[in-house]
Amino acid sequence: MRLSAKMKKGLNDQIVLEASASSSYLAMASWCEITGYQGGAAYFYAQSDEERMHMLKIVHYINSMGVPAVIPAVKAPSSSYKSLEGMLKAALKSEQAVTRAIHALVEIAQKEKDHSTAVFLEWFVNEQVQEETKFEAILQKFDLLGRDKLAINEIDKTLAGSIQQEPA
Ligand code: FEO
């Protein structure tokens, strides 16, 4: 079993995306914490850990294929947001970008008949469906409940309730 040069690069690029997501969610958590959104803070601290776990999965996979994974430097994320809703929209947008990247990797794996990587990526394909759905559902709440202070407080509480431990 070998990884092609293209697949190696694709997987290493995915490490960058997952590391960036972890760092960006950490910044979102911190912004929530200082702004008084306790639910959002708890949610995004957990989400940041999850993204780190995604990154580690890929690191372990590349290493298990006998290729040293490249641990990247990560650009500083945005650290301030105008609103909870704006921040959640940014999170959804970043998940959509991650989904596109995962799908592109799946296409490479299929084209190259790299079955091990295709199977490895299946977990990520499912995970992305869950993550996008989660953010869409939370964002929908702004239309359902409104955007006044009480509604935002309610949505913040919902965020705390949507933390879920995912099986590794
Ligand atoms: Fe690991 Fe949410 O992308």
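Gln96 touches Glu132 and Glu136 when residues up to four places away in sequence are not counted, contact here meaning heavy atoms within 4.5 Å. The place of Gln96 is in helix H3, where helices (H or I, at least four residues) and strands (E, at least two) are DSSP runs, numbered from the N terminus. Although 36 residues separate Gln96 from Glu132 in sequence, their C-alpha atoms are 7.0 Å apart in space. Gln96 counts as partly exposed, because its relative accessibility is 27%; on this scale, buried means under 20% relative accessible area, exposed over 50%, and partly exposed in between, with a 1.4 Å probe and protein chains only.

The model shown here is a predicted one, in which local features need pLDDT of at least 70 and side-chain atom pairs count only at pLDDT 80 or more, while totals for chains, interfaces and linings use all residues. Residues are numbered from 1 along each chain as its sequence is written, and side-chain values use heavy atoms, with hydrogens and water left out.

Helix H1 spans residues 5–35, and its 31 residues reach 45 Å from the first C-alpha to the last, close to the 45 Å expected at 1.5 Å a residue; the expected span is 1.5 Å times one less than the number of residues in the helix. Just after H1, Gly36 takes a positive phi of about 100 degrees. Helix H2, residues 38–64, has 27 residues and reaches 39 Å between its first and last C-alpha atoms, close to the 39 Å expected at 1.5 Å a residue. Just after H2 comes Gly66, with a positive phi of about 85 degrees. A positive phi, of about 55 degrees, is also found at Lys113, although Lys113 is not a glycine. Lys113 sits in the loop between H3 and H4 and is exposed, because its relative accessible area is 63%.

A nonpolar core is a set of buried Ala, Val, Leu, Ile, Met, Phe, Trp, Tyr and Cys residues joined through side-chain atoms within 4.5 Å. The largest such core has 23 residues, of which Phe44, Leu84, Met87, Leu88 and Phe135 touch the most other members. Two or more residues of this core come from each of H1, H2, H3, helix H4 (115–145) and helix H5 (149–161), and H1 gives the most, with six residues. Met87 touches Met28, Trp31, Cys32, Phe44 and Tyr81, leaving out residues up to four places away in sequence. A second, separate core of 22 residues includes Ile15, Val67, Ile108 and Phe124.

Apart from neighbours within four places in sequence, Ser79 is in contact with Ala27 and Trp31, whereas its C-alpha is 13 Å from that of Phe44, a residue 35 places away in sequence. Ser79 counts as exposed, because its relative accessibility is 53%.

Rolling a probe the size of a water molecule over the atoms shows where empty space is left. On a 1 Å grid over the protein atoms alone, a cavity is a set of points where a 1.4 Å probe fits but cannot get out, and a pocket is an open set with protein on both sides within 12 Å along at least five of seven lines, its lining residues having an atom within 4 Å of a point. The largest pocket holds about 280 Å³ of space. It is lined by 13 residues, and those closest to its centre are Leu17, Ser20, Ala21, Ser24 and Ser94. Helices H1 and H3 (84–111) each supply at least two residues of this lining, with H1 giving the most, five residues. The lining divides into nine nonpolar, three polar and one charged residue.

Two further residues are partly exposed. Met53, in helix H2, is partly exposed, because its relative accessible area is 21%, and its C-alpha is separated by 9.3 Å from that of Ala19, 34 residues apart along the chain. Asn153 lies in helix H5 and counts as partly exposed, because its relative accessibility is 38%; the C-alpha atoms of Asn153 and Ser22, 131 residues apart along the chain, are separated by 25 Å.

How values were computed. Points joined across faces, edges and corners; volume = space filled by probe spheres on them. Nonpolar A, V, L, I, M, F, W, Y, C, P; charged D, E, K, R; others polar.
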